[in-house]
Amino acid sequence: MSSNGQPLIHARDLVKRFGDFVAVDGIDFDLQRGEAFGFLGPNGAGKTSTMRMIGCVSPVTEGTLRILGLDPARDGVKIRGRLGVVPQLDTLDMELTVRENIVIYGRYFGLGRKQLAKRADELLEFVELSERANDRVEPLSGGMKRRLTIARSLVNDPEIMLLDEPTTGLDPQARHVVWDRLYRLKRQGVTLLLTTHYMDEAEQLCDRLVVMDRGKIVAEGSPRDLIEQYSTREVLELRFQDGNQPDDLTYWTEGLVSRIEPLPDRVLLYADDGDAASHQLHERGLEPESVLVRRSTLEDVFLHLTGRSLIE
Amino acid sequence: MSSLAFTARPYEFFFAQYKRVWRATLVSSVVTPVFYLLALGVGMSSFLGDVTFRGNTYDYLEFVAPGLLAATAMQLASFEASWPVLSAIKWTRQYHAMLATPLRIRDVVLAHQGFMASRMLMTSTVYFIVIVVFGAVHSPLGVLAIPTAVLTGLAYSTVIAAWGARTENEASFVAIFRFVILPMFLFSGTFFPISRLPAPLEWVAYATPLWHGVDLCRMLTLDDIVVWLALLHAAYLLAFVAAGLTLALVSYRRRLVV
């Protein structure tokens, strides 16, 4: 099938339209074996539509898409048999037990009952749900359900995992547990393709990512590359009391910062050395209510590229 | 890999789901026919005396029992093909789970319809045994009333599933039950011959799959088979099911493959 060097997923001028609405507007990307690749973008950027085309559940409108060297229009059945899908909304059966959910899903792939009994044990152990194996799914917490969905998607030993917003809606602790499991999978050599609108998620998990906005790819690279290329090392967040924000910030900050980004509740100043810039501003007599110096994140990259914030 | 093997996979799921509620449905599928047959068959029968149908005289019980067999399959089919189908699309999203795997639209449609047919088969068999106990089956050929009832049910489950896959909200199901299923239940020959209906309505009744199912079940249990008409009934039902399946495939695809 896909020999070394040939990408696992290959997309050129990929387009998805729903009537007049263009959800995905001609994107190109390649995914190599063993990579963790992310689509970062706000809601409505076209991430889910792209994932559904790759999952062979949504037909390609235009362009080329090859998955494992196969064409989804012709070989959807074969391709889906080698993917593990974690959809944005859980599709677990709430009335069945944790274990039954894995076994029945495994049957959809044509796996035998004996083999599945063993596989279910391994997978439940991997996501730390062994003790809940015979409980119904309904009362499980959101994080446990998500872990079960991940375990279920691994039942066919997939070559590529598609994760559509794997931690959206989870509390911080549950998110970290999910990240930990995904990180282990990555280390085991599973190829991960995920969408997210959390920059910390992208930074934690992705070797390489594309930033999507309104159906197009606006930037591509490793999280570090993107930050270096489109932002500064550090960011100053200034807050002013109502009405006290000077109109001529460019004058006050001249020579200290490379870019100014005014937001509704604060102003972001981009500088490589945040503390030094902060000190200089103070010397010049600028007195904001509060100053916060932080490292630059993908959020800043996104803001720079699109002029909008990721999560409104 | 044969197509049938693919279809058998999700069929198992519907049974796993059913395992949780089977006791409740067993009660209703035994108790309901007994109640109906006691009230309509035994009660009405003693009140009405004998009835004449196609030149022969029967107890009302003998007349109404095969009609109820077909009508019950229709009701079960209509229920199973409405909320559960919309639920598998919108609420539990089980169809989406299936379609993310090697399964195809046709596997999902055939497996779910196959499950509904199995439910109808179980209920009709219980019903049939009750009718035999009441002494209303006159010939061994009467046993063919069971597959006839299943076929009648499928004529409804396929079409309603096709509708269920198109609709956005469940309110339309209530309307279908009230304005389509209930009138058919009452006026398609289950309780009295459709020849007693005013002429235009009689023609409407001829078009309903239920009338064909009721009349065929009745011929079989009463051992009064008009061969050409029996074949026509069977052909009509088969054609209806084939058309319903085609509709279901088209509307599932339109809804789920976007």
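Predicted model: local features only at pLDDT ≥ 70, side-chain atom pairs only at ≥ 80, totals over all residues.

Me: How many helices and strands does chain A have, and into which domains is it divided?

Reply: Chain A has 11 helices and 13 strands. Its two domains are domain 1, covering 9-221, and domain 2, covering 232-295. The C-alpha centres of these domains of chain A are 40 Å apart, and the C-alpha trace of the chain spans about 75 × 45 × 40 Å along its principal axes.

Me: What share of chain A counts as buried, and what share of its contacts joins residues at least 24 apart?

Reply: Of its 312 residues, 43% count as buried. If one takes the contacts in chain A between residues at least 6 apart in sequence, 70% of them join residues at least 24 apart.

Me: How should I read a sheet, and in which order do the four strands of the open sheet in chain A lie?

Reply: In general, strands of a sheet pair through backbone hydrogen bonds, in either a parallel or an antiparallel way. Here the order is E11-E12-E10-E13 in chain A, with antiparallel pairing. Strand E11 (259-262) and strand E13 (290-295) of chain A are the edge strands, each pairing on one side only. From one strand to the next, the twist averages 20 degrees.

Me: How many bridges join E10 of chain A to E12, and over how many does E10(A) pair with E13(A)?

Reply: Strand E10 (residues 234-239) of chain A is joined to strand E12 (residues 267-271) of chain A by five bridges, and the two run antiparallel. One bridge partner pair there is Leu238(A) with Val267(A) in E12(A). E10(A) also pairs with E13(A), over six bridges and again in the antiparallel sense. On that side, Val235(A) has Arg294(A) in E13(A) as its bridge partner.

Me: Which helix packs on this sheet?

Reply: Helix H10 (residues 274-283) of chain A does so, touching E10, E12 and E13 of chain A. The direction of H10 makes about 35 degrees with that of E10(A).

Me: What is the idea behind a nonpolar core, and which residues touch the most other members of the largest one?

Reply: In soluble globular proteins, nonpolar side chains tend to be buried together. The largest nonpolar core here has 147 residues, and Leu162(A), Leu192(A) and Leu69(B) touch the most other members. Helix H3 (residues 60-80) of chain B gives this core its largest share, 13 residues. Beyond its neighbours within four places in sequence, Leu69(B) has contacts that include Tyr127(B), Phe128(B), Ile131(B) and Cys217(B). A second, separate core has 10 residues, among them Val235(A), Leu236(A), Val257(A) and Leu269(A).

Me: How many residues of chain B are in contact with chain A, and which element gives the largest share of that side?

Reply: There are 21 residues of chain B in contact with 22 residues of chain A. On the chain B side, helix H1 (3-18) and helix H5 (94-99) are the elements that give two or more residues. H1(B) provides the largest share, six residues. By class, this side of chain B has 11 nonpolar, five polar and five charged residues.

Technical notes
Residues numbered from 1 in each chain as written. Chains lettered and ligands numbered in written order. Domains from an automatic or database assignment. Core = buried A, V, L, I, M, F, W, Y, C linked by C-beta atoms within 7 Å. Buried ≥ 20, exposed ≤ 12 C-beta atoms within 10 Å, placed from the backbone. Contact = placed C-beta atoms within 7 Å. Pairing = 2+ DSSP bridges. Axes fitted to C-alpha atoms, helices over the stretch in contact; angles between N-to-C directions. Nonpolar A, V, L, I, M, F, W, Y, C, P; charged D, E, K, R; others polar.
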